[in-house]
Amino acid sequence: MKYVGDEAGPAPPLQRVEPDPAEARRLFAFLMRQVELWLRCDRIHGDLSAYNILYRQGRLTVIDFPQAVDPRANPHAYDLVARDIANVARYFGRFGVPAEPDRLADRLWTRLLRADW
Ligand SMILES: Nc1ncnc2c1ncn2[C@@H]1O[C@H](COP(=O)(O)OP(=O)(O)OP(=O)(O)O)[C@@H](O)[C@H]1O
Ligand SMILES: [Mg+2]
């Protein structure tokens, strides 16, 4: 993975960023799309949170994948993806983004089982 940052240091984790509501909505939608794309590739991050997402110039880079799991092989896969989504939704809730993380997780899981992308 390439370095995200500049000479002064790495890009800050999202945890240290305070997006306005419109930016927050955009970033949350982007991240949910990433979770979906990873699932389509049989990957769940497994430690997704605002600490493992770097923010730079309006763009997000998710880091820290070593514990990623295969949703079709890991018996805890549903709980892991639901927790990933809940962590991200909790952060964005602070910036006015309404989300129903359990519903989002259920919907993605159903699509995974049906391979309905
Ligand atoms: N691709 C990258 N570009 C720039 N900085 C990075 C990158 N990957 C990691 N870092 C820096 O290292 C920090 C920790 O990275 P990471 O989350 O991958 O490790 P970790 O094992 O969770 O360590 P920690 O216990 O410190 O969270 C990040 O917050 C960031 O400052
Ligand atoms: Mg980390």
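**Entry 1: the model**
I am working with a predicted model.

**Entry 2: ligand 1**
I looked up the residues around ligand 1. They are Met 1, Lys 2, Tyr 3, Val 4, Pro 10, Asn 52, Leu 54, Ile 63 and Asp 64. I sorted this shell by class and got 6 nonpolar, 1 polar and 2 charged residues.

Next I checked distances to polar atoms. In the side chain of Asp 64, an N or O atom is 2.6 Å from an oxygen atom of ligand 1. For the side chain of Asn 52, I noted 2.8 Å between an N or O atom and an oxygen atom of the ligand. Lys 2 takes part through its backbone: a polar atom there is 3.1 Å from a nitrogen atom of ligand 1. On its own, ligand 1 has 610 Å² of accessible area, and the protein covers 48% of that.

**Entry 3: the largest pocket**
I turned to the open spaces. The largest pocket holds about 230 Å³ of space. It is lined by 13 residues, and the closest to its centre are Lys 2, Val 4, Arg 59, Leu 60 and Thr 61. Lys 2 and Val 4 were already on my list for ligand 1. Helix H1 and strand S4 (59-62) each give at least two residues to this lining. By class, I noted 6 nonpolar, 3 polar and 4 charged residues.

**Entry 4: the second largest pocket**
The volume here is about 150 Å³. I listed the lining as Met 32, Arg 33, Glu 36, Leu 104, Arg 107, Leu 108 and Arg 111. H1 and helix H3 (101-114) are the elements that supply two or more of these residues. H3 has the largest share, with 4 residues. The classes are 3 nonpolar and 4 charged, with no polar residues.

**Entry 5: the cavity**
How many cavities of 30 Å³ or more does the whole structure have? My search found 1. About 40 Å³ of space lies in the largest cavity. Its lining is made of Val 35, Trp 38, Leu 39, Arg 43, Ile 44, His 45, Val 81 and Asp 84. I counted 5 nonpolar, 1 polar and 2 charged residues around the cavity.

How values were computed: Residues numbered from 1 in each chain as written. Chains lettered and ligands numbered in written order. Predicted model: local features only at pLDDT ≥ 70, side-chain atom pairs only at ≥ 80, totals over all residues. Heavy atoms only, no water. 1 Å grid on protein atoms, 1.4 Å probe; cavity = no way out; pocket = protein on both sides within 12 Å on 5 of 7 lines; lining within 4 Å. Points joined across faces, edges and corners; volume = space filled by probe spheres on them. Nonpolar A, V, L, I, M, F, W, Y, C, P; charged D, E, K, R; others polar. Near = heavy atom within 4 Å. Polar contact = N/O pair within 3.5 Å; in protein donor to acceptor, adjacent residues only side chain to side chain. Areas by Shrake-Rupley, 256 points an atom, 1.4 Å probe, with all protein chains shown as cover.
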